[in-house]
Amino acid sequence: MSTDTDAYVFTPTPPQPPPANTVGVVGWLRGNLFNGWFNSLLTIAAIYLLYLTIPPLINWAFLSATFSGTDRTACEASPDGACWTFIKVRFNQILFGFYPDGEQWRPIVTFVVGLGALVSTVFRTPARRWTVLFLLTLYPVAAFFLLAGGYFGLTEVETAKWGGLTVTLVVSVTGIVASFPIGIVLALGRRSNMPIVRSACVVFIELVRGVPLISVLFMASVMLPLFLPEGMNFNKLLRALVGVTLFTAAYMAEVVRGGLQAVPKGQYEGAAALGLGYWRMMILIILPQALKLVIPSIVNSFISLFKDTTLVYIVGLFDVLEIIRVSTKDANWIGLEKEGYVFAALMFWVFCFAMSRVSLRIEKRLDTSHRK
Amino acid sequence: MTTENPAIPEKLAVELVDVNKWYGEFHVLRNVNLSVFKGERIVICGPSGSGKSTMIRCINRLEEHQKGKIVVDGIELTSDLKRIDEIRREVGMVFQHFNLFPHLTVLQNCTLAPIYVRGMPKKDAEAIAMKYLERVRIPEQADKFPGQLSGGQQQRVAIARSLCMSPKIMLFDEPTSALDPEMVKEVLDTMVSLAEEGMTMLCVTHEMGFARQVANRVIFMDRGEIVEQNEPNEFFSNPKSDRTKLFLSQILH
C-alpha cells in the first residue's frame with residue numbers, strides 16, 4: 001500500500017502448485033519412507049530383510065518347485081524346491097475327503113450354487129431379496145439332500161465319508177447361518193426385563209463362553225450320548241455342528257449386545273413413542289442399527305469360527321487341515337509337511353480374506369450416517 | 001381462562017391426578033395435578049431439573065409414574081402394555097434430539113408407524129407422508145437420509161413423522177433446544193401453524209415468544225411441582241410467586 005489514504009483493495013491470491021518435492025513419487029518416498037534419519041534407516045533395514053527372505057521363498061515355491069508327476073520320484077530332481085506334486089495328487093482328497101469319486105459333482109454343485117447366490121447378493125441385483133431368502137431357507141435343505149443323498153435316486157453318502165474342504169465349509173457355513181439368529185435372540189434375552197429369560201441367557205452365554213471350543217466338542221461327542229437314551233445316536237458331524245453353533249452363538253450374543261447398547265436411547269424412545277411394540281421396535285429400528293455397528297466384530301467371529309472348524313478333528317472328523325496332516329503321514333509322502341501346511345494356510349487365508357472384503361463392502365453399502 | 005373449568009371428562013385430553021415419581025430416592029414429580037382440554041395449547045417452562053420433561057414423558061409412558069393417576073384420551077395409563085401402545089398411537093411426541101431413524105430415508109421414517117402400527121397399505125402411507133412433508137415444507141427431501149439434513153429440517157421431519165399417525169395430542173420436549181439459532185424459527189413456525197389448526201399441544205420450551213403467541217396456558221414448574229399456571233399475558237406481566245418472578249427475570253433480559 002503506497003499511501004494511507006488509499007482504501008485497501010482485496011485481491012484474491014491465485015492458487016499455486018505445491019513444492020515439487022512434496023508431490024508425486026518423490027514426495028511419497030520422502031513422506032513415507034525417508035522422513036528423518038531414523039525412518040530412512042528402518043526403510044533400508046526392511047529392504048535388506050525382504051531381500052534376505054523373499055527371493056529364497058519365491059525360489060522354493062515357484063522356481064525350483066515341482067508341479068508335474070504323480071508320485072514322489074518326480075520331486076527328487078529338485079530337492080530345494082517345493083513338491084507341489086503331493087498337493088496335486090492329493091487334491092481330490094483335500095477337497096472332498098473320502099466322498100466317492102463318482103459323486104463328487106454333488107459337493108461341487110452345492111458349493112458353486114451357494115457361492116454364486118452369495119456373490120450375487122453382494123451386487124445390487126433386482127432379485128436380491130429372493131436370493132437371500134433362497135440361501136436361508138431352500139438352499140440348506142437342498143444342500144443337505146444333495147450331499148447326503150439317499151433320496152431322489154441319489155446314492156447315500158454317509159457323513160463319515162465327508163471330509164476335507166467339504167466338511168470345513170459345511171461346518172463353518174452351518175455354524176455361521178445358525179449361530180447368527182441364536183446369538184441375536186440370546187442378546188435380546190440378556191437385555192430383557194423378564195428375570196427368568198435374562199438369567200437363562202446369562203447362564204448359557206457365560207457357561208459356553210467360559211470353556212474352550214475343544215471341551216464343547218468333547219462334551220458334544222462324549223457327554224451327550226451319556227444323557228441320551230440307549231440306541232439314540234447322533235452322527236458325529238451333527239454333534240460337531242451343534243457344538244460349533246452353540247459356541248459361536250454365545251460369542252455372537254455378546255457382540256450383538258454391544259451393538260444394542262451402542263444404539264442411542266433416543267432410538268428406543270422414538271420407536272416407542274410411535275406405538276411400535278417390542279418386536280417391531282427391535283426388528284425395524286434397533287437391530288438394523290445395532291448389527292450395522294458391529295459388522296466388523298460379527299465378521300471377526302465368523303472368521304474365528306471358520307478357523308476353529310479345524311478343531312473338529314478331535315471328534316473324528318476329517319476337515320481340510322486334518323486330511324492334509326494325515327496325508328503327510330502317508331509313507332509315500334512322508335516329510336512333506338511344509339508343502340501341506342503352506343497350502344492349508346493359503347486356503348484358509350483365501351476364504352478369510354474374502355470374508356473380510358465382503359464385510360467391508362457391506363459396511364460401506366449400509367452406511368447411511370453421512371458422517372464427514 | 002380454562003384453568004378453573006369443572007372437569008368434563010369427554011372434553012379432557014389429558015388428566016394428571018396427584019402424580020408422583022421418584023428416581024431412586026429423588027422425588028422428581030410431587031403431587032402434580034393437571035387437566036388439559038381438547039384443543040388446548042399448553043407451554044410448560046421451568047428451570048432445568050424441575051421435572052417438566054419427566055412430566056410430559058409420563059403422559060406416553062416413556063417414564064413410569066409411581067403414584068397417582070394419568071388418563072390420556074379417556075384411557076388410564078397402567079402397566080398394561082396394550083393400553084400403553086393404544087395411548088402411544090394417539091399421542092405424538094417430538095424430542096429435543098429429533099430421534100429420527102438414521103438407517104431409513106425421510107419418507108420411510110414417516111411411513112413406518114402408519115404401515116406397521118396402523119396396518120395402512122404402503123401407497124396410502126406414502127401419500128399421507130408426502131402430505132405432511134409438504135406441510136412442514138420439505139417434500140423435496142423425502143428420499144434423503146436424516147443425516148443429510150440440517151437440524152431444523154430434521155426436527156420438521158420429526159414433526160411430520162408424528163403427524164402421520166394422526167395423533168390427537170402432541171407432546172413437544174424442548175423441540176428447539178438442540179437447534180442452531182437460525183433454525184429455531186422454521187421449527188416454531190411449523191408448531192404455530194399446527195396450533196392454529198386446533199391440535200392439542202403440550203410443549204416444554206423456553207421460547208417465550210411462542211408461548212405468548214399460541215399458548216392458552218403457561219405452566220411454571222419448579223422442583224417437581226406446578227408452582228403457577230396462568231394465561232400467557234397474565235403469566236408474564238403479573239407473576240404471582242417469587243419463584244416464577246425469579247425464573248422470568250433470569251430468562252427475559
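Biologist: How many residues does the contact take from chain A and from chain B?

Modeller: Contact means heavy atoms within 4.5 Å. Here the contact takes 21 residues from chain A and 23 residues from chain B. This is a predicted model, in which local features need pLDDT of at least 70 and side-chain atom pairs count only at pLDDT 80 or more, while totals for chains, interfaces and linings use all residues. Residues are numbered from 1 along each chain as its sequence is written, chains are lettered from A in the order in which they are written, and side-chain values use heavy atoms, with hydrogens and water left out.

Biologist: What is the area buried between chain A and chain B?

Modeller: Buried area is the accessible area (1.4 Å probe) that two parts lose on being put together, summed over both. For chain A and chain B the value is about 1,900 Å², and carbon and sulfur atoms give 62% of that area.

Biologist: Which residues form the salt bridge?

Modeller: A salt bridge is a side-chain nitrogen of Lys or Arg within 4 Å of a carboxyl oxygen of Asp or Glu. The rule finds one across this interface: Glu269(A) pairs with Arg57(B), their closest N and O atoms being 2.6 Å apart.

Biologist: What does the pLDDT say of chain B?

Modeller: The pLDDT is the predictor's confidence in each residue, from 0 to 100. Chain B averages 91, and 96% of the residues score at least 70. Over residues 1-7 of chain B, however, the pLDDT is below 50. Where pLDDT is low, the predicted coordinates should not be read in detail.
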